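User: I'm new to this one. Can you walk me through it?
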Amino acid sequence: MSHLIALDLDGTLEDSRDDMVAAVLRVRSSFGLSEQPGETWRPYVNAGMDHLYRQCFADYVGAGGTVDDVRAAYEADYLAHIAVTTRLYAGMGDALVELAALGSLACVTNKPERLSAALLEALGVGRLFSAVIGGDTLPESKPSPRVLAEASRRVGRTGSALMIGDSAADVKCGRAFGATTIWCAWGYAADPGAETPDHRAGTPLELPRLVRAVVG
């Protein structure tokens with residue numbers, strides 16, 4: 001049987017906040033906007049791309065600029081600097097190799113699909129993934145279970161489904177789809193919030209053991 005092992009990207013595989021903030025600073029400069037410390041924008045770069053565009057460039061949009069202009073400029077800049085400081089979490093590379101032997105890996109993230117695929121390649125793990133589902137792949141994104149349905153379709157799932165991530169949205173998405181959920185304690189969120197995952201992983205190296213217990 002072909003099992004689906006879906007993994008979130010930011011905060012699960014890696015921490016990309018520094019590179020995302022750096023892109024905000026460069027694009028703000030290119031727009032002629034006021035200079036502010038990077039820490040000003042850090043809280044806004046991991047809550048979805050539309051939130052990033054509207055919060056980090058509120059002065060530009062408020063002055064008549066469009067979110068589409070921001071999106072185009074930001075994505076072009078970030079793509080060109082996709083992994084300057086971003087690295088996989090310790091142990092994640094080895095964990096992914098083991099997971100890929102247990103099922104079909106799919107990256108299911110709210111980051112745009114093109115940027116996500118480019119980041120996975122830059123981190124040297126793109127070859128391990130059979131599918132990448134981004135926040136712009138479908139009309140709906142996480143926590144909608146449609147993203148896992150699409151991931152299942154792309155990998156030809158015939159067996160179990162798992163959703164692995166660090167946020168409440170990951171757990172909610174997985175539960176809505178009927179997938180076994182694993183919450184990652186090393187990510188951006190201190191806890192899974194109101195959602196109760198089936199399992200909790202303290203480190204990336206715990207993931208293969210947890211997944212193996214589900215898929216057999």
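Predicted model: local features only at pLDDT ≥ 70, side-chain atom pairs only at ≥ 80, totals over all residues.

User: Let's start with helices. How do α1 and α2 cross, and at what angle?
Analyst: Helix α1 covers residues 17–30 and helix α2 covers residues 49–56. Their axes cross at roughly 40° and come within 11 Å. The crossing of α1 past α2 is right-handed.

User: Which residues make the contact?
Analyst: From α1, Met20, Val24 and Arg28. From α2, Met49, Leu52 and Cys56. By class, this contact of α1 with α2 has five nonpolar residues, one charged and no polar.

User: What about α1 and α4, how do their axes cross?
Analyst: Helix α4 spans residues 67–80. The axes of α1 and α4 come within 9 Å and cross at roughly 125°. So α1 is oblique to α4 as well. This crossing is also right-handed.

User: And which residues touch there?
Analyst: α1 gives Asp19, Met20, Ala23, Val24, Arg26 and Val27. α4 gives Ala73, Tyr74, Asp77 and Tyr78. By class, the contact of α1 with α4 has seven nonpolar and three charged residues, with no polar ones.

User: How far is arginine 17 from threonine 85?
Analyst: Their C-alpha atoms are separated by 9.2 Å. Along the chain, arginine 17 and threonine 85 are 68 residues apart.

User: New topic. Where is serine 144?
Analyst: In the loop between β3 (129–133) and α7 (146–155).

User: Is serine 144 buried or exposed?
Analyst: Buried, because its relative accessible area is 10% and the cut-off for buried is under 20%. A polar contact of 2.6 Å joins the side chains of serine 144 and glutamate 140.

User: What kind of peptide bond joins lysine 142 and proline 143?
Analyst: A cis one, with omega about 15°. Most peptide bonds are trans. Proline 143 sits in the loop between β3 and α7.

Definitions and conventions: Residues numbered from 1 in each chain as written. Heavy atoms only, no water. Helix = DSSP H or I, 4+ residues; strand = E, 2+ residues; numbered from the N terminus. Buried < 20%, exposed > 50% of the residue type's maximum accessible area, 1.4 Å probe, protein only. Polar contact = N/O pair within 3.5 Å; in protein donor to acceptor, adjacent residues only side chain to side chain. Axes fitted to C-alpha atoms, helices over the stretch in contact; angles between N-to-C directions. Left-handed = near helix turned anticlockwise from the far one by under 90°. Contact = heavy atoms within 4.5 Å. Nonpolar A, V, L, I, M, F, W, Y, C, P; charged D, E, K, R; others polar. Parallel < 35°, antiparallel > 145°, perpendicular 65-115°, else oblique.
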